[in-house]
Amino acid sequence: MKILEITGGQKLSGTIRISGAKNSAVALIPAAILAETETTICNIPEITDTDNLCDILNNLGVKTKRASESIIIDSTNMQNQVINEEFSKKLRASYYFMGALLGKYKKVTMHFPGGCSIGARPIDLHLKGFEALGATVKKEENKYTVEADRLIGCPIYLDFASVGATINIMLAAVKAEGRTTIDNAAKEPEIVNVATFLNNMGARITGAGTSTIRIDGVKHLHGCFHEVIPDRIEAGTYTIIGALCGENLKIDNIIPEHIESLTSKLQEIGAKLEIGSDYITISRSENYKATNIKTSTYPGFPTDLQQPFSILLTQCNGKCKIEETIFENRFMQVPYLCQMGADISVKNQTATFIGPTKLKGKEVVATDLRAGASLVAASLIAEGTTKITNVEHILRGYENIVEKLTQVGAKIKREEI
Ligand code: UD1
């Protein structure tokens with residue numbers, strides 16, 4: 001098991017360069033198999049989620065070559081095979097192979113995806129979308145077979161603006177006959193990044209980034225060169241860390257508009273930040289004002305930043321609340337924060353914070369990716385040393401987190417026990 005040992009109390013200054021977006025990269029890699037020739041994607045983060053997707057590609061006979069931050073994907077000799085549980089359970093995004101293989105071969109068999117246990121996370125909207133396009137879905141225990149004689153474009157309304165369902169339906173519909181319209185589509189920047197990639201391959205998708213996406217099916221898709229957008233959640237996490245213990249900490253290579261819901265909250269509580277064209281510089285302030293946040297789909301406050309932001313709420317004066325509206329089980333950092341000295345109570349989907357509280361180093365567990373990131377943030381301001389176990393969750397989503405934090409002055413060590 002991997003652990004992190006962090007000694008808090010250091011002021012962090014210097015520059016943290018943000019990597020390519022995990023949630024884009026994990027969709028772009030499966031999407032690349034739709035191309036009939038070689039594709040190059042650059043700015044791919046080196047995280048275990050992207051490694052695990054490459055294992056799936058290799059198992060399907062797809063050639064992959066990593067060269068620094070790029071990946072070259074050549075699916076010329078690939079075969080459509082069952083994606084077994086040992087591969088699918090390693091990450092949530094393995095489900096993008098459903099849409100991609102269905103789009104390419106009109107058939108896919110794979111086991112239910114894994115990922116963080118932050119709620120029930122059903123895939124009914126993905127499957128309903130595939131069915132609307134003309135596919136049948138057969139479920140045997142944990143294994144899904146989705147197949148169609150013909151995929152025919154049609155109007156699809158999503159009951160919820162799901163990121164995964166929107167991307168998966170785009171992947172399945174891109175080579176379907178005629179026009180597919182996704183209404184109440186998710187609007188996250190990652191959707192736009194994936195649609196741009198598919199269009200670079202020859203697809204005809206318009207409206208990505210709005211709630212109506214139109215996809216006119218094409219017969220062939222070709223290889224292309226594409227770049228992953230900067231990771232807005234990684235950027236947000238380090239910006240929050242800057243508000244906790246930064247001294248002119250520069251968060252570089254970002255698209256500030258993508259985290260406006262966060263920066264406006266930071267300004268509201270009294271954080272000192274300068275927003276540039278592709279960076280934010282932030283320092284710790286004293287006497288943060290209390291605030292409330294409610295998570296929602298983009299451009300609202302992202303559920304993925306709720307857990308890191310919770311550390312900042314332990315430092316605000318008075319009573320703060322977080323209402324989590326996307327996932328049912330996303331306060332798993334709270335018991336550990338309470339052990340560290342925070343005053344937080346959770347009722348249903350709302351956490352109430354009374355602050356400010358001093359945090360003390362303890363032994364804590366990273367139960368999921370963003371809970372893990374929040375514990376790193378807490379440890380950086382805690383008195384003494386914190387040991388975080390189950391760090392594998394954090395490494396799934398944050399490239400070189402130890403190196404990035406060490407470079408700006410944090411006392412952080414990674415160990416294997
Ligand atoms: C993606 C992100 C995740 C982020 C989330 C919300 C990836 C790999 N992960 O997850 O980091 O926290 O968006 O921004 O990009 N739902 C259904 N049925 C479905 C699909 C979703 O009920 O078929 C529900 C989910 O249980 C959840 C909500 O819709 O309550 C949002 O899920 P969704 O947007 O699909 O999130 P993911 O794609 O899993």
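In this predicted model, helix α4 has these buried residues: Tyr96, Phe97, Met98, Gly99, Ala100, Leu101, Leu102, Gly103 and Lys104. The helix spans residues 96-105, and nine of its ten residues are buried, so the rest of the structure largely encloses it. Backbone geometry is the second topic. Most residues other than glycine have a negative phi, and most peptide bonds are trans. The exceptions listed below concern Ser68, Lys106, Pro299 and Pro356.

- Helices among the elements covering the buried residues of α4 include α1 (22-31), α2 (48-59), α5 (124-132) and α6 (163-173).
- Strands β6 (107-111) and β8 (143-147) also contribute to this cover.

- Lys106 is not a glycine, yet its phi is positive, near 65 degrees.
- The relative accessible area of Lys106 is 30%, so this residue counts as partly exposed.
- Ser68, also not a glycine, has a positive phi of about 40 degrees.
- Ser68 sits in the loop between β4 (63-67) and β5 (70-74).
- Ser68 counts as exposed because its relative accessibility is 64%, and the cut-off for exposed is over 50%.

**Cis peptide bonds**
- Tyr298 and Pro299 are joined by a cis peptide bond, with omega about 10 degrees.
- Pro299 belongs to the loop between β18 (292-294) and α10 (303-313).
- Gly355 and Pro356 are joined by a cis peptide bond, with omega about 0 degrees.
- Pro356 is found in the loop between β21 (350-355) and β22 (363-365).

Technical notes:
Residues numbered from 1 in each chain as written. Predicted model: local features only at pLDDT ≥ 70, side-chain atom pairs only at ≥ 80, totals over all residues. Heavy atoms only, no water. Buried < 20%, exposed > 50% of the residue type's maximum accessible area, 1.4 Å probe, protein only. Helix = DSSP H or I, 4+ residues; strand = E, 2+ residues; numbered from the N terminus. Contact = heavy atoms within 4.5 Å.
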